[in-house]
Amino acid sequence: MDRFNELSAFIAVVEAGGFSAAARITGDSQSAVSKAIAALEKRLGVRLFNRSTRRVTLTDQGRRYYDRTKPLVDEMQDADSELTSSALGVSGLIRIAVSGTFGRLHVLPLIPDLLSLNPGLQVDLVLSDIVRDMVEDRIDLAIRLGPVTEPDAVVRRVAITPLVCVGSRRYFERHGTPKTPAELVEHNCLLYGGLTEAANWPFVGQEGRFSVPVRGNLWSNSVETIRAAVLAGVGIGLFAKVSLADELSHPDVITILEGFMGDVRDISLVWPKRRFVPARVRQVTDFFAEAIPRRT
């Protein structure tokens, strides 16, 4: 068996978590996959997997070998795809990561058009407010709201969105409406951990930017949780405007401190820095770069 088939079998076993699952992915028999791994281990002179009756895990040598060979195999497959993409259109799997609320409101509605324009494409859409490690989680493209901190990433800013401070009419009728940011210290401010300034809300005054330390009885890493609590009258929330859909036009939702709001957040497309960017990633990036600004 040639080296490329050995490597393909090896990577399939790693990513599928076992030999039988890898065989279903590659279309080979389980015996063929096992023989490929055995041939690879014999050629390298090391054991790549710890095997038991219940699971297959990588050895330390296997993990290092996977980390080195996975990008090489990806680039070989991408090179093949590149040569045929101009005639057949982009194809293959692309894994996209985006925060839950922004993904539900602004990315998921675009997926049907993306797939219609690229019928050979397969999308794995990961919705999570946790910032994923793009290399470890095999993310091809991330759509980020806010600062991007990865040093080994390519960042393409496509839009901006302002911050807004909102509460429900029910809450303000019970507790009063703050007229200045300083008055927020007397209110129940609901804290979203995904904001850089989760407990120090940023504002702009006559003398420039300043922040106000706030606190409240609810903290969450989920925008959906804070949004639902604000709508239920629990307290006041600070949001990127794109995280609110029709809520801002609802008569029971009141925007406050508008004269002090000046901060914006970038909406960016982010992908791992690599020597060769697959055609499908470039195509999908261009699609979202054009489509997202129309929704924000």
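Modeller: A disulfide is taken here to be a pair of cysteine sulfur atoms within 2.5 Å, and by this rule the count comes to zero disulfides. This is a predicted model, in which local features need pLDDT of at least 70 and side-chain atom pairs count only at pLDDT 80 or more, while totals for chains, interfaces and linings use all residues. Residues are numbered from 1 along each chain as its sequence is written, and side-chain values use heavy atoms, with hydrogens and water left out.

For Cys165, the closest cysteine sulfur is that of Cys189, and because the two are 6.7 Å apart they are too far from each other for a bond. Cys189 is accordingly in no disulfide, the sulfur of Cys165 being the nearest to its own. Cys165 counts as buried at 0% relative accessibility, and Cys189 likewise counts as buried at 0%, where buried means under 20% relative accessible area, exposed over 50% and partly exposed in between, with a 1.4 Å probe and protein chains only.

A salt bridge requires a side-chain nitrogen of Lys or Arg within 4 Å of a carboxyl oxygen of Asp or Glu, and a search of the whole structure finds 15 of them. One of these joins Glu15 and Arg138, at 3.8 Å from N to O. Glu15 lies in helix 1 and Arg138 in the loop between strand 4 (120-127) and strand 5 (141-145), so this pair ties together parts that are 123 residues apart in sequence; helices (H or I, at least four residues) and strands (E, at least two) are DSSP runs, numbered from the N terminus. Both partners are partly exposed, Glu15 with a relative accessible area of 32% and Arg138 with 40%.

Lys70, in helix 4 (residues 60-88), belongs to this neighbourhood, since it touches Ile11, Glu15 and Arg138, not counting residues up to four places away in sequence, a contact meaning heavy atoms within 4.5 Å. The side chains of Lys70 and Glu15 are joined by a polar contact of 3.0 Å, that is, a pair of N or O atoms within 3.5 Å, where within protein one must be able to donate a hydrogen and the other to accept it, and residues adjacent in sequence count only if both atoms are side-chain atoms. At 16% relative accessibility, Lys70 counts as buried.

A further salt bridge brings together the side chains of Arg51 and Glu41, at 3.0 Å from N to O. Arg51 lies in strand 1 and Glu41 in helix 3, so the pair ties together parts that are 10 residues apart in sequence. Arg51 is partly exposed at 42% relative accessibility, whereas Glu41 is buried, with a relative accessible area of 12%.

Glu290 and Arg294 also form a salt bridge, their closest N and O atoms being 3.5 Å apart; here Glu290 is exposed, with a relative accessible area of 55%, and Arg294 is exposed at 62%. Finally, Arg104, Glu224, Arg227 and Glu247 are linked in a network of salt bridges.
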